[in-house]
Amino acid sequence: MLNPNQVLRYRDQGFLVLPGFRDEAAVAGLRERARQIAAGFVDRGPPSVFTTRDQARTADAAFLASAETIHCFYEEEAFDAAGRLQRPADQAINKIGHALHDLDPVFDRFSRGPDMAALAAALGLRVPQAWQSMLIWKPPGIGGEVGWHQDATFLITEPDSVVGFWFALEDADRDNGCLWVQPGGQRGPLRQRFERAGDTLQMRTLDDTPWPSLEQAVPVEVEAGALVVFHGRLPHYSGPNRSARSRMAYTLHATDGSAAWSPRNWLQRPSLPVRGLG
């Protein structure tokens, strides 16, 4: 799946871009399925809003339950001052998560196959386990910023083993909020842990090394169908989307089954078996 130069580049830079990993039909099918899920979603409690500014504070029961369900989370700016939704669902959703890859047949087919199993092996996952999936919408005009973070903050194994698979479902560029990464940043420290105790969440600081500036980072501008894979400690970021175009992406996170899944993880799946990528 990967040639030796690509493996070396991934180990050195902490990320790798694979253009055209999924064909146009598969990408279009996933976009359409996301729209169907959003259109049919019924929020049975207060609307769940997602922001990376203070995740421990804003996480609610729906967020914790989404580890084993499919739930839609709204953009902050989709509501007016009185809390009324101002947009249709497909223009108001921040993300859909976190068990799409196990509970929806369309997302399941997109997420798995011999190519994914071979890629995971080439990246060093001996026993790949897919724990989390998210459809990130980045709707036009109100798509929220995703602050600098490392995926190993949120998906804890001993030792660290998480790998991110980020599929572009639409063209992503600087105008509509593409990814930015710090090449080689995976060799730096893990700065935070997002930890759970019962139904309480906290963000614990491990290291106060500053996050990179944009001058230390590179934009990852890609066309629909591309796959970006990145190391769990690689710092990455995406800006807000103030353009007239959405920037839909699908992310899948896997860990190595030979590493222990921490009981401190926010994401626990007591009822939903964890499956591989093949």
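On one side of helix α2, Glu24, Ala25, Ala39 and Gly40 are exposed, that is, over 50% in relative accessible area, where buried means under 20% and partly exposed lies in between (1.4 Å probe, protein chains only). The model is predicted, so local features need pLDDT of at least 70 and side-chain atom pairs pLDDT 80 or more, while totals for chains, interfaces and linings use all residues. Residues are numbered from 1 along each chain as its sequence is written, and side-chain values use heavy atoms, without hydrogens and water.

On the other side of α2 from these exposed residues, Val27, Leu30, Ala34, Ile37 and Ala38 are buried. They share a side of α2 because they cover an arc of only 95° around the axis, taken from the directions from the helix axis to the C-beta atoms. The 17 residues of α2 (24–40) should span 24 Å at 1.5 Å a residue, which agrees with the 24 Å between its end C-alpha atoms; the expected span is 1.5 Å times one less than the number of residues. Helices (H or I, at least four residues) and strands (E, at least two) are DSSP runs, numbered from the N terminus.
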